[in-house]
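The following note sets out points for a colleague who is reviewing this model. Please read it alongside the sequence and the coordinates.

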Amino acid sequence: MEAWHAFIKDDKRVTNVPMEAHYIGSKKWVNAVTAAGTTGVDAVSAAKTRAVVVAEHDMEFIRRLNCRVTVLHEGAVLAEGSRDHVTVDPQVIAVYLGRG
């Protein structure tokens, strides 16, 4: 990550291509589900030694994962923290959740 941040000259960016970020997240999710042998939230969540990237806007699903949430927008971190923390962040509301 240090080399990437030096190259892109932005320490908050994790990729410069939103589609690439989605692909990486999807691939990691598929790998975690394959390892768990199920798509069940509890089984995947039990694999706490692994990082699981989920591209999901269903906040009930995210709540059930009970994990740290990192919200990405256009390749940069928009907000991080608990589900409760990120769902009240004004930028997250504006970009993903809407108002109402």
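Which backbone oxygen lies 3.3 Å from a polar atom of the side chain of threonine 87? The backbone oxygen of aspartate 84 does.

1. Basis of the note. This is a predicted model, in which local features need pLDDT of at least 70, side-chain atom pairs count only at pLDDT 80 or more, and totals for chains, interfaces and linings use all residues. Residues are numbered from 1 along each chain as its sequence is written, and side-chain values use heavy atoms, with hydrogens and water left out.

2. Overall architecture. The protein chain has 6 helices and 2 strands, where helices (H or I, at least four residues) and strands (E, at least two) are DSSP runs numbered from the N terminus. Along the sequence their order is α-α-α-α-β-β-α-α. Of the 100 residues, 25% are buried; buried means under 20% relative accessible area, exposed over 50%, and partly exposed in between (1.4 Å probe, protein chains only).

3. Nonpolar core. The largest nonpolar core has 14 residues, among which Phe61 and Val71 touch the most other members. Two or more residues each come from helix 2 (18–36), helix 3 (41–46), helix 4 (59–65), strand 1 (69–73) and strand 2 (76–81). Such a core is a set of buried Ala, Val, Leu, Ile, Met, Phe, Trp, Tyr and Cys residues joined through side-chain atoms within 4.5 Å. Beyond four places in sequence, phenylalanine 61 is in contact (heavy atoms within 4.5 Å) with Trp29, Val41, Val54 and Glu56.

4. Threonine 70 stands opposite glutamate 80 in strand 2. The two strands form a hairpin with 2 residues between them, and glutamate 74 in the turn has a positive phi of about 55 degrees.

5. Lysine 12 is located in the loop between helix 1 (2–8) and helix 2, and it counts as exposed because its relative accessibility is 53%. Residues up to four places away aside, lysine 12 touches Gly75, Ala76 and Val77.

6. Threonine 87. This residue occupies the loop between helix 5 (83–86) and helix 6 (90–97). Threonine 87 counts as buried because its relative accessibility is 18%. A polar atom of its side chain also lies 3.0 Å from the backbone oxygen of arginine 83. A polar contact is a pair of N or O atoms within 3.5 Å; within protein, one must be able to donate a hydrogen and the other to accept it, and residues adjacent in sequence count only if both atoms are side-chain atoms. Outside four places in sequence, threonine 87 is in contact with Met59, Ile93 and Leu97.

7. The salt bridge. The count comes to 1 salt bridge, defined as a side-chain nitrogen of Lys or Arg within 4 Å of a carboxyl oxygen of Asp or Glu. The side chains of arginine 83 and aspartate 84 form it, at 2.9 Å from N to O. Arginine 83 is partly exposed, at 23% relative accessibility, whereas aspartate 84 is exposed, at 53%.

8. Ends of helix 6. At the start of helix 6, a side-chain oxygen of aspartate 89 comes within 2.8 Å of the backbone nitrogen of glutamine 91. Just after helix 6, glycine 98 adopts a positive phi of about 75 degrees.

Key: Two strands pair if DSSP finds at least two bridges between them.
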